[in-house]
Amino acid sequence: MSKEEYRVESDTIGPVKIPKDALWGPQTERSRNNFPSGELMPLAIIRAFLHLKKAAAESNVEVGAEPAEKGQAIEEAIDQLLKLDNHELRQDFPLHVLQTGSGTQSNMNVNEVVANLANKMHPSLDILPNDDVNRGQSSNDTYPTAMNIVAVEALDKLEPAVQHLIDELKIKQDKYWKTVKVGRTHLQDATPITFGQEISGYISALKHDLSYIQELKPTLYELAIGGTAVGTGLNAAPGMTVKIADKLSQVYGHDFKVNTNKFWGLAHHSGIDVVHGALKTLAADMFKIAQDIRFLASGPRAGYHELNIPANEPGSSIMPGKVNPTQAEAVTMAAAKVFGNDTTITFACSQGNFEMNVYKTVMITAFLDSCDILTGTINGFADKMIAGLTVNAAKMDNLLESSLMTVTALSPHIGYHAAAKIAQTADKEGTTLKEAALKSGKLTEKEYDEWMDYMEMTNISQTNPEK
């Protein structure tokens, strides 16, 4: 940079050249140059930091730890930053995820930007990043606090997406509750099932997944703020952190708490780990559901083709008229990413030594990535796959009629071994099950027609879709 393009500021290490019009200060600039790789710090983290710093400024004023005029100036600067859209906000927060594992540089990035903006608005106050904006705080307790806040925010967006998919599946369940088809186990023909019953299993899985997330989510309400450097709360004013939690609860609509063990809050991120485990479980179930749908829709001539899927875009650049299960593919790829993120989070949660975990930035970024891609692909799967899904009733009937496993219904009447012999004969001789059954002499045609009731085999009258 030429002299006209930069200004010089100093931190505890020495002077630093900073772009002339940048709101950040020397510690941000050092990080910008020292850690230039990988994805940028999620703006959700930055916004959480801004709300946290505002709550801290208000609380410090209320307990007499911060002069009112400085606290108000900090609040005004933060309010101005919070009004910016993401593109505008990014200009002042350029740091990367792969920095110090405590997130110190991003904490200082926020402190410097807020202080410089507050000083522009109130030149006479001399507001300092560390002494004023960071008063009673440490990166070691602010970053994990921001982690939990953004994790809760991300779950708030994911939960409605899961419920939306449940609702769309419920429509199909009710519509096809009595549409009988071949059941399958081990990729082999099994006894009959209705498509509605099959879908009810998907719905139940998603309801359970949603309940796991909702039951585990409150562990993220426990905030580390107040622990400062090592969990002892050194330099935090008495009463400050309770006020911070109350203010953050009002902003986010959740009951955040600070009456928790701070040594745990700084050194462990068990809540992030266990909640992401529920996200992994959701991803696994979504993989299974998407996989089932795309197999049942395979074809249309050389596959199962029991289902018709919407044609959302041309499926091939060379094969005209091809329709691919792209929404299902997106879900399965998202699940693969979530599985990888879970490994990252589990490993990161085990790391760090003594009083602090130093994998915080990569941990929360992986968590947010999982929430984001699950939210997007689940909504897409609901709207662009399930909503337009229909059954190919003729194909279902044809496969059901040719299935050999409906012979199971004869077992109570003629015995397991005799029924097995009938199925084996039909398969070997290429005849229908009925032909083989009558040839066996074990039953009459009237008995066969009476006992071979596909709908009765599904136990539909005893099946409750809500369970």
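A residue counts as buried under 20% relative accessible area, as exposed over 50%, and as partly exposed in between, with a 1.4 Å probe and protein chains only. The structure is a predicted model, in which local features need pLDDT of at least 70, side-chain atom pairs count only at pLDDT 80 or more, and totals for chains, interfaces and linings use all residues. Residues are numbered from 1 along each chain as its sequence is written, and side-chain values use heavy atoms, with hydrogens and water left out.

**Overall form**

The protein contains 19 helices and six strands; helices (H or I, at least four residues) and strands (E, at least two) are DSSP runs, numbered from the N terminus. Its radius of gyration is 30 Å, well over the 23 Å that the globule rule gives for 467 residues, so the protein is more spread out than a compact globule. That radius is taken over C-alpha atoms, and the globule rule is 2.2 Å times the number of residues to the power 0.38. Along the principal axes, the C-alpha atoms fill a box of roughly 105 × 50 × 35 Å.

Contact means heavy atoms within 4.5 Å. Among contacts between residues at least 6 apart in sequence, 73% join residues at least 24 apart. The protein exposes about 21,700 Å², of which carbon and sulfur atoms supply 53%; accessible areas come from the Shrake-Rupley method with a 1.4 Å probe, and for residues only the protein chains shown count as cover.

**The N-terminal hairpin and the annotated domain**

Strands β1 (residues 6-10) and β2 (residues 15-19) run antiparallel and are joined by five bridges; two strands pair if DSSP finds at least two bridges between them. Arg7 stands opposite Ile18 in β2. The two strands form a hairpin with four residues between them, and Gly14 in the turn has a positive phi of about 155°.

The unreviewed UniProt entry places the feature "domain: Fumarate lyase N-terminal" at residues 15-340. UniProt positions are given in the numbering used here, feature names are shortened, and annotations may be inferred rather than shown by experiment. The end C-alpha atoms of residues 15-340 lie 41 Å apart, and the span is 59% helix and 6% strand.

**Annotated positions**

His186 lies in the loop between β3 (180-185) and β4 (188-194). Ser316 belongs to the loop between β5 (307-308) and α12 (326-349), and its side chain reaches the backbone nitrogen of Ile318 at 3.0 Å.

| Residue | Relative accessible area | Class |
|---|---|---|
| His186 | 75% | exposed |
| Ser139 | 7% | buried |
| Val258 | 12% | buried |

Ser139 is found in helix α7 (residues 139-175). Leaving aside neighbours within four places in sequence, Ser139 is in contact with Ser102, Thr104, Asn107 and Pro144.

Val258 lies in the loop between α9 (240-252) and α10 (262-267). Not counting residues up to four places away in sequence, Val258 touches Leu223, Ile225, Thr241, Val242 and Ala245. From C-alpha to C-alpha, Val258 and Gly226 are 7.5 Å apart in space, while 32 residues apart in sequence.

Methods: A polar contact is a pair of N or O atoms within 3.5 Å; within protein, one must be able to donate a hydrogen and the other to accept it, and residues adjacent in sequence count only if both atoms are side-chain atoms.
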